[in-house]
Amino acid sequence: MKRGNGFLAAGLALTGLLAALVLLGFFWTPCDPSAMAAGPKFAPPSLAHWMGTDNFGRDIFSRVLQGAGATASIALATLAIGAVGGCLAGALTGYFGGPVDEVLMRLNDALTAFPSILLALVVISLLGPGKKSNVILALGLVFIPSFARVSRTAFTSLRDVNYIQSARLMGAPGGRILALHMLPNTLAVLLPALTIGFNNAVLAEASMSFLGIGVTPPDASLGYMLSEAQGMLFAAPWYAAGTGLAIVLMVFSVGLLGEGLRRRDKGVL
Amino acid sequence: MKRKLLEVLLLLGLLCAVLCGCGGGSTAKTPEEGPASGSSEPEAQPPAGQPNEITVGIAQDLDESLDPHLAVAAGTKEVMFNVFEGLVKPTPEGDLVPAVASSFTSDGTTYTFTLREGVKFHNGQAVEMEDVVASIERNADDSQGEALIPALAAIERMEVEGNQLAITLAQPDNEFLASLTLAILPRDYGQQDTAPVGTGPFRFVSRTAQDSIVLERFEDYWGEPAYLDKVTFKIIENADSILMSLQSGAVDLFAHLTSTQAAQLGEDFNIEEGTMNLVQAMYLNHAEKPFDDVRVRQALCYAIDRQQILDLAFDGYGSLIGSSMYPAFGKYFDEELTRYYTHDVEKAKALLADAGYPGGFSMAITVPSNYQPHIDTAQVIVEQLKQVGITAEIQLVEWGSWLSDVYAGRQYQATVVGVDASTMTARALLERFTSTAGNNFINYNNAEYDAFFQEAITAADDAAQTAAYKQAEANLTENAANVYIQDLADLVAVRKGLEGVRFYPIYVLDLSGVRYTA
Amino acid sequence: MKDLLKRVLALLATMLAVSFLTFAAFSLISGDTATAMLGTSATPERLAALRAELGLDRPLAVRYGKWLLGFFTGDLGVSTSYQQPVRELLAPKVGLTLWLSLMSFVLITAVSIPLGVWSAGRRRFEGARTALNQLGMAVPPFFTGILLSWVFGVGLKWFMPGQFPDAGQDFAGAAVYLFFAAAALSIPRIAMTVRMLRSTVQEELGKDYVRTAISRGNGRRAVLRRHVLKNALPPVVTFLAQTMAEIVAGSIVVEQVFVIPGLGRMLVASIANRDYPVVQAIVVILALWVVLAGTAADLINQRIDPRLRLGGAA
């Protein structure tokens, strides 16, 4: 119990700190994140530029602050679509089984194999380019199958557990059973999937920006910055390090928080 | 990630115009040495124990037909330049010298070529006049709507007499010779798409999709043979792998590096600088408001500080331009035009106010996502436009979408790309801005311009032609047809111990002169 | 037998669905094969001529039917970009991606299952291990890839980043090269699998039947093996099957970072080139991959837990 609270505390503290920073980034950054020649080109980290500067002499820390906001909001929105859609599909198929299960799971397989880039291109051509909602919708759709698969198994194995069966015998409606009794018990499986999903969403957003959706320069997103930093590894290793660590820290702190929450709910170590 | 890296830059890059006054009436002599000449050094050898071969990194796969008549990507033509030759071929100086022909004469209307003796195809067959005629006819065929090389439509007849080929044009054309750099191919060979056969100093060995292309020295080459036994082109698309492969020793030579990449290479490399030969500009769609207003376009030109673009995004590399012509085109390039618009925020604001936009406006700059230098340029432009109240937003699009939406569909406001000539003539750079041109993707419509252009292509002599082309260029500048920026620098990393990279006024990577220093 | 037939039908249905979706997607997105092939040398006349030549001017259903017919007669068509038969073009790449995926899969399974079970039974440094695990999940493969090729490639020179050796000539070199790529791909997945396995095993360990079994004098280890694993495994097996599918998607990123000429890179390039015969072929291969992995997982789970039989026994 104590340890669980430790995770919760650490996760809350870290996530809170990061969230505060991200919020701050929406209103204020040390330098204008897109101002060029704010400092010398490829300046290493210093007091003036905590994470150094990039190829335009832009302050990387300011860009990370601003980019983290974009990344977090896109990744969270994406995950929300993916997790809700996936859980719904997983719950339906896992709980009811039968032909619904068959059809949905086959569709799921088809979607998993469908290249996400192509899906993204379809979304752009339907909605028009240059909209931030594009990336969220495209990525959200991409993330549904994996969540569906994970949650389906969880729901299936819970289906015949005693207390669920008794709830069913008592005539509780299916939706209620699913939401109140089964969903909390599938969290063990879903939480890590969410953590990895967040990570994947950050990266997918970066690769999507090359297709013309998502964040476009001079605006920053962590994923896009990391892929940009890749080409400057030798001139400015701090660029890749700064953005990479920001992503890791973000995912890590949310992961800790998730772990802490789970432990508190379960009372397990 | 950066696929088709350079397609945007360079459209077809094929032929070299007669740049330095070897126009009508001149007779070129066979050079005493082949194109691999230049210095008469002793046989260059790699360090003892190493094979006499190099690996060249290229950022773009040759993912299309390898048939030189059908290939369209600049990156393909760049590599295959080593494999193919025409009757004439370009030199680093920008002249055209005989290649498969041993000599030629011309009076502007009739071009007469003598077939060089003993030229062989890579498959061992001797080049015959029928091959030459078939190759030209294939490119002149317009039964599908348009000839592969439209300039060849002017051919009235071709007459063969022994080893002489006389080509007669319907009307004089000073730039015609440039079209005859078209590759001479064996006439009965059906696999050019995947296993091409030409007459150049290297022969094609293999292509592995997304991995490599292998060329080997052609031992029966008619001219001075290449120094290297074998060249492997390794396709490396993403920026950090480019650097790592150079650092780790996997790659010996890499062209078209950015200044940032070049600066990151250590002691093992020499960086050689040439030009990319393209017109990088923010191209404006004249059919879209507010870019139909000349004052708005001029305001954009004044608002943008081109020198700052070079400094911020290119470490100062690159040459400023002022119209649709780049410096390597010596005689057509008018340096005055590069100074026509100077950075002047107040003037830009005044022009905008005059045009009815005192507070500026919002615009989208569409940029293909596969070429970082254009994205970087656009980022600086966005910052500079803020100062005159214009809110510009970059819209990255995938190259395939750019081709269909911007280039073919003309659905855009502004786009930052580099354009080069489909054939290396002034005509190829300037014809696209005539009001009826099929590839006039900026929708430029200026009667005066059309007249200048018409005057140029029908001019009787070279001087009149040059003058008319320059007037056309000035017209583009004065009307601020586009926001002209620069011709990018071409930075080539060459491993120490290698030498002989030569820059051309066209987009090629000639490896026949590359050798290990003794 | 009926089950088998059902599965084959399901497999066919999935592949039909995905191939049709891909085909339809191609007619929705901007830019077609002809504009991609002609590039900036395109003019309206040339585009029209090429479209007619390629049959792009015909209705979607006709084109799809033609492709389907070709597919079932073993003709995958000719790549519109490389002008090479698709089969010939993809043959070496399928093997490479298969190899990379299997390597990652083996790596994930071989590391995470023992690690997960081991870790479930121990309390010491539990907090630190969990934190480390969370960290493993938080590191993007893209970032790991850059780090690995920097340290082991540029620094230690164990392999040359950007120079993938020809497997036929230098098998060991190719294997080492692929190992690092597989490692970059696997780390977060290993962390996630360990995490999952550990929590499911722990949950099972806390259940009554385990306590009863142990109190009856059965060895803790034997109970773990005989009962606990059996109940803890199904979600993990499903997860691993899904991992198999996602490894293929992840290989796109890793193939880019490590410059490996596999299917993933080919897919990205072919979409950009609007090379639909190649894209269709790759998508179908990937679909087969996903479905087979999913089917394998179902079968294994049914073995472990009969409640999961197809159709459900509700």
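How many salt bridges are counted between chain C and chain A? The count is 0. The model is a predicted one.

The interface itself involves 63 residues of chain C, in contact with 56 residues of chain A. Together, chain C and chain A bury about 5100 Å². Carbon and sulfur atoms account for 72% of that area. Polar contact between chain C and chain A is found for 1 residue pair, both residues being at pLDDT 80 or more. On the side of chain C that touches chain A, the elements giving two or more residues are helices H1 (2-28), H6 (126-138), H7 (141-155), H8 (171-205), H10 (220-258), H11 (263-272) and H12 (276-304) of chain C. By class, this side of chain C holds 40 nonpolar, 13 polar and 10 charged residues.

Chain C is assigned two parts, domain 1 (2-72) and domain 2 (90-313). The C-alpha centres of domain 1 and domain 2 of chain C lie 32 Å apart. Contact links 21 residues of domain 1 of chain C with 17 residues of domain 2 of chain C. The area buried between these domains of chain C is about 1700 Å², with 72% from carbon and sulfur atoms. Here the rule finds 0 salt bridges. It does find 4 residue pairs in polar contact across the interface of domain 1 and domain 2 of chain C, both residues at pLDDT 80 or more. On the domain 1 side, H1, helix H2 (33-38) and helix H4 (60-72) of chain C each supply at least two residues. H1(C) gives the largest share of that side, 11 residues. The class counts for the domain 1 side are 11 nonpolar, 6 polar and 4 charged residues.

Over all chains, the count comes to 26 salt bridges. B:Arg187 pairs with B:Glu128, with the closest N and O atoms 3.2 Å apart. This pair links distant parts of the chain, 59 residues apart. B:Arg187 sits in the loop between strands E7 (164-169) and E8 (202-208) of chain B, and B:Glu128 in the loop between strand E5 (110-115) and helix H2 (129-140) of chain B. B:Arg187 is partly exposed, at 37% relative accessible area. B:Glu128 is also partly exposed, at 37%.

A salt bridge also joins the side chains of B:Lys234 and B:Asp211 (2.9 Å, N to O). B:Lys234 lies in strand E10 (residues 230-235) of chain B and B:Asp211 in the loop between E8 and strand E9 (212-217) of chain B, so the bridge ties together parts 23 residues apart in sequence. B:Lys234 is buried, at 5% relative accessibility. B:Asp211 is buried at 15%.

How values were computed: Residues are numbered from 1 along each chain as its sequence is written. Chains are lettered from A and ligands numbered from 1 in the order in which they are written. This is a predicted model: local features need pLDDT of at least 70, side-chain atom pairs count only at pLDDT 80 or more; totals for chains, interfaces and linings use all residues. Side-chain values use heavy atoms; hydrogens and water are left out. Contact means heavy atoms within 4.5 Å. Buried area is the accessible area (1.4 Å probe) that two parts lose on being put together, summed over both. A salt bridge is a side-chain nitrogen of Lys or Arg within 4 Å of a carboxyl oxygen of Asp or Glu. A polar contact is a pair of N or O atoms within 3.5 Å; within protein, one must be able to donate a hydrogen and the other to accept it, and residues adjacent in sequence count only if both atoms are side-chain atoms. Helices (H or I, at least four residues) and strands (E, at least two) are DSSP runs, numbered from the N terminus. Ala, Val, Leu, Ile, Met, Phe, Trp, Tyr, Cys and Pro count as nonpolar, Asp, Glu, Lys and Arg as charged, and the others, Gly among them, as polar. Domain bounds come from an automatic or database domain assignment. Buried means under 20% relative accessible area, exposed over 50%, partly exposed in between (1.4 Å probe, protein chains only).
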